[in-house]
Amino acid sequence: MGYKPTDNSDFEGKVQLRQWLLDQLGGVKKLGVLECFGGEGHLHDACYTQAKKHMAFELRAMPHRPTWISGDNQILLEKHVQGWDLYDLDAYASPWYMAHSVCRLRGPGRFGIVATCCTNRTLRAGNMMGYERFASGYGKLPNSPLLVRFYDDIIRCVVNEWFRFGVQFEKGKRLRSAARSSPTRYYAFVLNKQGA
Ligand SMILES: C[S@@+](CC[C@H](N)C(=O)[O-])C[C@H]1O[C@@H](n2cnc3c(N)ncnc32)[C@H](O)[C@@H]1O
């Protein structure tokens with residue numbers, strides 16, 4: 001049986017993490033939020049209804065959601081990346097290439113990234129995403145379930161990559177999935193990009 005993604009399997013934890021990040025950045029009412037994986041809007045409704053400004057990308061059309069833009073987030077990001085305080089990357093698979101693009105493209109200033117990471121699941125299945133192979137330097141390792149041993153290293157490497165774009169790490173928080181058997185991890189980062 002194939003894996004069926006669920007949109008919000010650890011909803012409580014996801015909301016807690018976002019509330020922590022919103023507080024760190026000065027409170028939701030002062031912040032602009034860009035959700036790169038907007039989905040049905042469950043997280044929006046729980047966390048961002050009072051945001052100063054909001055936009056969400058979603059592959060599926062969501063005509064009843066006025067702040068949603070439909071399309072591929074990597075393509076949309078380039079045009080819309082500027083002017084947000086918090087980037088929400090609630091991905092089904094890996095959020096790390098999107099996080100890399102945010103850090104690369106965004107202008108200077110303090111901002112946050114909150115991400116859902118299923119990299120562990122991919123590694124357990126014996127695969128590594130192309131971007132993660134590139135960023136970690138583990139590109140030559142063969143596909144194997146043993147790849148999961150490198151999980152923490154891979155995450156350290158993708159975060160370290162952000163320094164290349166002048167993005168400094170201020171603080172962060174990580175949560176495990178409430179279902180202990182689930183490999184999904186949740187991350188929130190307070191970051192600061194230095195000026196050119
Ligand atoms: C985990 S769900 C997000 C759930 C959402 N945060 C919520 O609270 O309802 C991931 C969503 O990302 C969307 N998605 C996946 N790849 C995408 C892409 N390349 N561009 C835009 N949306 C994408 C999927 O259609 C799915 O709705």
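Y87 touches L34, C36, V102, F111 and I113, leaving aside residues up to four places away in sequence; two residues count as touching when their C-beta atoms, placed from the backbone, lie within 7 Å. Numbering starts from 1 along each chain, following the sequence as written. The model is a predicted one, so local features need pLDDT of at least 70 and side-chain atom pairs count only at pLDDT 80 or more, while totals for chains, interfaces and linings use all residues.

Y87 also turns up in the largest nonpolar core, a set of 44 residues in which L86, Y87, L89, A99, I113 and V114 touch the most other members. Such a core is made of buried Ala, Val, Leu, Ile, Met, Phe, Trp, Tyr and Cys residues joined through C-beta atoms within 7 Å. Buried here means that 20 or more other C-beta atoms lie within 10 Å of a residue's own; exposed means 12 or fewer, and partly exposed is in between.

Next comes the sheet. Its 7 strands make an open sheet with mixed pairing, in the order β3-β2-β1-β4-β5-β7-β6. At the edges sit β3 (68-70) and β6, each pairing on one side only. From one strand to the next, the twist averages 15°. Strands are DSSP runs of E with at least two residues, helices are runs of H or I with at least four, and both are numbered from the N terminus; strands pair if DSSP finds at least two bridges between them. β6 and β7 (residues 185-193) run antiparallel and are joined by 9 bridges, with R176 standing opposite R185 in β7.

Helix α1 (residues 11-24) lies across β4, β5, β6 and β7, at about 15° to β7; axes are lines fitted to C-alpha atoms, for helices over the stretch in contact, and angles run from 0 to 180 degrees between N-to-C directions. In helix α4 (residues 96-105), the buried residues are W96, M98, A99, H100, V102 and C103. They pack against α3 (73-80), β4 (86-89), β5 (109-117), α6 (130-136), α7 (151-161) and β6 (167-176).
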